[in-house]
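Thanks for coming. I will go through one structure this morning, starting with its aromatic rings and then turning to one of its strands.

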Amino acid sequence: MKKKIVKILKIGIIIFVLLIVTGMVFPTWTPRIKGDYSISTLGQVEINGTGHEVMIRGADRRNPIVIFVHGGPGCSEIPYVRKYQDLLEERFTIVHYDQRGSGKSYHFFEDYSDLSTDLLVDDLLALTDYVTEKLGQENVLLIGHSFGTYIGMKAAAKAPDKFAAYIGIGQVSDHVKSELDSLDYTIEQAKLAGNARDAERLERLRESIGKGERITPRDMVRKYGGAARLIDDNMDYYTGFLFNPEYNLLDVIRYLKGVSLSQKILLAEEAKNNIVHIVDRLEIPCYFVMGKYDYMTSAKAAKEYFDMLEAPVKEFVLFEKSAHYPQFEEKALFAEWLYRTWSRQISKPGVDSFR
């Protein structure tokens, strides 16, 4: 009996090891989109001397190009984003890429000591050149999300000729103001929920947050609805990692390593270099798209930045039911707004509210 149990355990261990190994090397791809002019590609592209993972999807490759710059830092959206961009793929050619040192663009044993937002901006501009040449067109709409807006704003300011417009979703702004807004919100929500311990813990952080030394704990922001309200963004990652073909197990390890690397370096850079003082004017149309309940990047602080920013056309768009992910939480409304915005020329700045 004991020998039989030992044999079963050995077989179980072998099967487990084989499953792990298979998961590490399993080929990755992105599902095909039907159509004579469709495009659905996923793979490594050499950009500025290092491999970048690039996913391009659209029902018609002749449609205008949208390049998304993911946030985090280090938080690629390739593992799960397909579920939220089906409507966008009908009218746009959507490009996602893993930034240098992030996700599938993290390469073991590569030197990342020079990682900076300036380098990521140069990567983005080179990627834009690659995409426009590959697709044979120049219509590019640049969209940054969360920390990706820090990179996106700098790229739009540095090379406005490469982009038709800039959209910042969950736009970063004055770092300290945004974090203090987040702190006040989480304290208020903790008190309303009767969680005095959480409120006291958060209040003790006020001085260090006000000095720019700390950020409002993201687990608290998430707990009180300041991250996502209509989706479960953490679960999207788990299910994407497990069931979607764009990432295998080795890629998940790359993702985790990349988050640790990128956040340590880039968040410190952002805290010391306020985007409000770096970019105060854009030469192209500019749109800030915020969720009303966003306290990962405060909508109030973003509006203050928007008001002082100069641009030939600008619009502040507030999605009434969303937090940090209006493009996902209210994807139909976002797709409608994006298509309408692309299709018309806005002559006057304003505030548009979606309900």
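This is a predicted model. Counting rings whose centres lie within 6.5 Å, we get 20 aromatic pairs. Take Tyr 80 and Tyr 84: their ring centres are 6.3 Å apart and their planes meet at 85°, so this pair is edge-to-face. Are these two residues buried or exposed? Tyr 80 is buried, at 3% relative accessible area, and Tyr 84 is buried as well, at 9%.

The two tyrosines also belong to a cluster linked by ring pairs.

Arg 229 lies over the face of Tyr 293, 3.9 Å from the ring centre. Lys 314 has its charged end over the ring of Phe 306, 4.6 Å from the centre.

Now to strand S2, residues 50-58. Of its 9 residues, 9 are buried. In a regular strand, side chains alternate between the two faces of the sheet. On one side of S2 we have Thr 50, His 52, Val 54, Ile 56 and Gly 58, and on the other Gly 51, Glu 53, Met 55 and Arg 57; both faces are covered.

What does S2 pair with? Strand S1, residues 39-47, pairs with S2 in the antiparallel sense over 9 bridges. The two form a hairpin with 2 residues between them, and Asn 48 in the turn has a positive phi of about 50°. Strand S4, residues 93-97, is also antiparallel to S2, joined by 4 bridges.

Met 55 takes part in both pairings: Leu 42 is its bridge partner, and His 96 in S4 stands opposite Met 55.

Definitions and conventions:
Residues are numbered from 1 along each chain as its sequence is written. This is a predicted model: local features need pLDDT of at least 70, side-chain atom pairs count only at pLDDT 80 or more; totals for chains, interfaces and linings use all residues. Side-chain values use heavy atoms; hydrogens and water are left out. Rings of Phe, Tyr and Trp (its six-membered ring) pair if their centres lie within 6.5 Å; planes under 30 degrees apart count as stacked, over 60 as edge-to-face and the rest as tilted. Buried means under 20% relative accessible area, exposed over 50%, partly exposed in between (1.4 Å probe, protein chains only). A charge sits over a ring if NZ of Lys or CZ of Arg is within 6 Å of the ring centre and within 35 degrees of the ring normal. Two strands pair if DSSP finds at least two bridges between them.
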